[in-house]
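Me: Hi! I have a model open and would like to talk it through with you. Can we go residue by residue and then zoom out?

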Amino acid sequence: MNQLELIRALPKAELHVHIEGTFEPELMFAIAQRNQIEIPYKSVEEVKQAYNFHNLQSFLDIYYAGANVLVHEQDFYDLAWAYFEKCHEDHVMHTEMFFDPQTHTDRGIAFETVINGLQRACNDAKAKYGISSHLIMCFLRHLSEEAAFETLAQAMPFKEQIIGVGLDSSEVGHPPSKFERVFAQAREAGFLVVAHAGEEGPAEYVWEALDLLKVNRIDHGVRSEEDSVLMQRLIAEKMPLTVCPLSNLKLCVVDDMAQHNIRRLLQQGVHVTVNSDDPSYFGGYMNDNFVAITEALALTNEELKTLAQNSFEASFISDAEKQKWIAEIQAL
Ligand code: HPA
Ligand code: ZN
């Protein structure tokens, strides 16, 4: 089997995808129209032309604007269902989706509306395609600690449907330490915890995510390589990094895919996984990310299998399920 065939054949888990970042322009237009909400673009082409980012913030401004057209439960269902169709095409068999409740509740949309739409799509994906999923709610780190506490309180009635909490949005200037107390309360309530750190922010933010938030995984974390003591810690603890290659390229975290450090991290023994982050905005879903790094970095079949295996090992599924997927990967 050549590498492209193997990428398609491998069962994969996605651990870093923002459901609002899977919003394709065509669907955005359709939902805007049926909800009679104005968007600042005349055509799908014009939307795509706006997707020229120079850093994280320039992306976030457009990403939050797009999410504004989501109002009804059916809108959230349609958004998630479109993503599950992509998972099915890419043989992603398990996904742990981020959603940003504050992006919606701050516009007067009920928490329940968001979660009911997403959950119904998750149920249908399991029934139709055998794809399992978990939901992770993220706090927007540019907003206050108090707002995060409020969001955590709103989530409590839906605790059984939310496996964990995360931290996203503008990283620099909003270190993990800002949310130490919220994360302590979330862990106390039984949520697993993850956080974006070391995407644009320094290695110091990865230390904080580990020591103060006590995360189960680091989202991105590619700047950890700048700190050799941190690298030793990540390797020793087998701490997963959910790396997003096309995102890093589009947001200018790297200038060129050939300079991406995912293969170096893998070779040094860091538990890295491949993910799409905001695939509608960054030019590709799971397999596109695998193809991009395979071509730029000359990954071997063994490395591709390790990346797929890592994705299940780092996921929040049961050990029995992990073993089942790993056996399937090793048989390829
Ligand atoms: N980083 C931080 N916040 C985000 C991202 C990201 O890549 N995508 C959506 N929100
Ligand atoms: Zn992200």
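Me: Which residues does Leu234 touch, not counting residues up to four places away in sequence?
Reply: Leu234 touches Leu210, Ser224, Met239 and Leu241, where contact means heavy atoms within 4.5 Å.

Me: And where does Leu234 lie, and is it buried or exposed?
Reply: Leu234 lies in helix H11, residues 228-237. Its relative accessible area is 1%, so it is buried. Buried means under 20% relative accessible area, exposed over 50%, and partly exposed in between, with a 1.4 Å probe and protein chains only. Helices (H or I, at least four residues) and strands (E, at least two) are DSSP runs, numbered from the N terminus.

Me: Before I go on, what should I know about the model and the numbering?
Reply: This is a predicted model, in which local features need pLDDT of at least 70 and side-chain atom pairs count only at pLDDT 80 or more, while totals for chains, interfaces and linings use all residues; side-chain values use heavy atoms, with hydrogens and water left out. Residues are numbered from 1 along each chain as its sequence is written, and chains are lettered from A and ligands numbered from 1 in the order in which they are written.

Me: Thanks! How far is Leu234 from Gln102?
Reply: Their C-alpha atoms are separated by 31 Å, and the two residues are 132 residues apart along the chain.

Me: New topic: where is Glu199?
Reply: Glu199 lies in the loop between strand E5 (192-197) and helix H10 (203-211). At 4% relative accessibility, Glu199 counts as buried.

Me: What does Glu199 touch, leaving out residues up to four places away in sequence?
Reply: The list is Leu56, Glu171, His220, Gly221, Arg223, Ser247, Leu251, Val253 and Asp277. Glu199 and Val243, 44 residues apart in sequence, are 9.2 Å apart in space, C-alpha to C-alpha.

Me: His220 is on that list. What is its phi?
Reply: Phi of His220 is near 75°, a positive value in a residue other than glycine. Most residues other than glycine have a negative phi. His220 lies in strand E6, residues 217-220, and counts as buried at 0% relative accessibility.

Me: What about phi at Ala298?
Reply: Ala298 has a phi near 55°, again a positive value in a residue other than glycine. Ala298 lies in the loop between helix H15 (286-297) and helix H16 (301-313), and with a relative accessible area of 51% it is exposed.

Me: Zooming out, how many helices and strands does the chain have?
Reply: The chain has 17 helices and eight strands. Its radius of gyration is 19 Å, close to the 20 Å that the globule rule gives for 332 residues, so the chain is as compact as a globular protein of that length. That radius is taken over C-alpha atoms, and the globule rule is 2.2 Å times the number of residues to the power 0.38. Buried residues make up 58% of the 332 residues.
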